[in-house]
Amino acid sequence: MAAWTWRFEKADGTEVQPAVEPEEFTTQGDAESWIGEQWQPLAEGGADQVRLFEDTTEIYGPMSLHPADS
């Protein structure tokens, strides 16, 4: 079974430890729901962007954790 995981990065792409400990998700929807609930504490904890992986395959990213300018 596939594992869906997030990679947490600074704006320059270097990996950082997340402020909220993630889990391995069994579906893409579960992973996306979790990031939707946790993006703010993750951003406040030093992550600027995330990438979503299915096992070792990058699905998308980088996706910013910062609100878009109005």
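The side chains of Asp48 and Lys10 form a salt bridge, with an N to O distance of 3.8 Å; the term denotes a side-chain nitrogen of Lys or Arg within 4 Å of a carboxyl oxygen of Asp or Glu. This pair joins distant parts of the chain, 38 residues apart: Asp48 lies in the loop between α1 (28-44) and β2, and Lys10 in the loop between β1 and α1. Helices (H or I, at least four residues) and strands (E, at least two) are DSSP runs, numbered from the N terminus.

A word on provenance. The model is predicted, so local features need pLDDT of at least 70 and side-chain atom pairs count only at pLDDT 80 or more, while totals for chains, interfaces and linings use all residues. Residues are numbered from 1 along each chain as its sequence is written, and side-chain values use heavy atoms, with hydrogens and water left out.

Is Asp48 buried or exposed? Asp48 is buried, at a relative accessible area of 17%, whereas Lys10 is partly exposed at 32%. Here buried means under 20% relative accessible area, exposed over 50%, and partly exposed in between (1.4 Å probe, protein chains only).

Let us turn to Arg51. Its side chain meets that of Glu9 at 2.7 Å, N to O; Glu9 sits in strand β1 (residues 4-9) and Arg51 in strand β2 (residues 49-54), 42 residues apart. Both residues are buried. Arg51 also pairs with Glu58 at 3.0 Å, N to O, and Glu58 is partly exposed, at 36%.

Finally, a network of salt bridges links Arg7, Glu9, Glu15, Arg51 and Glu58. The structure contains five salt bridges.
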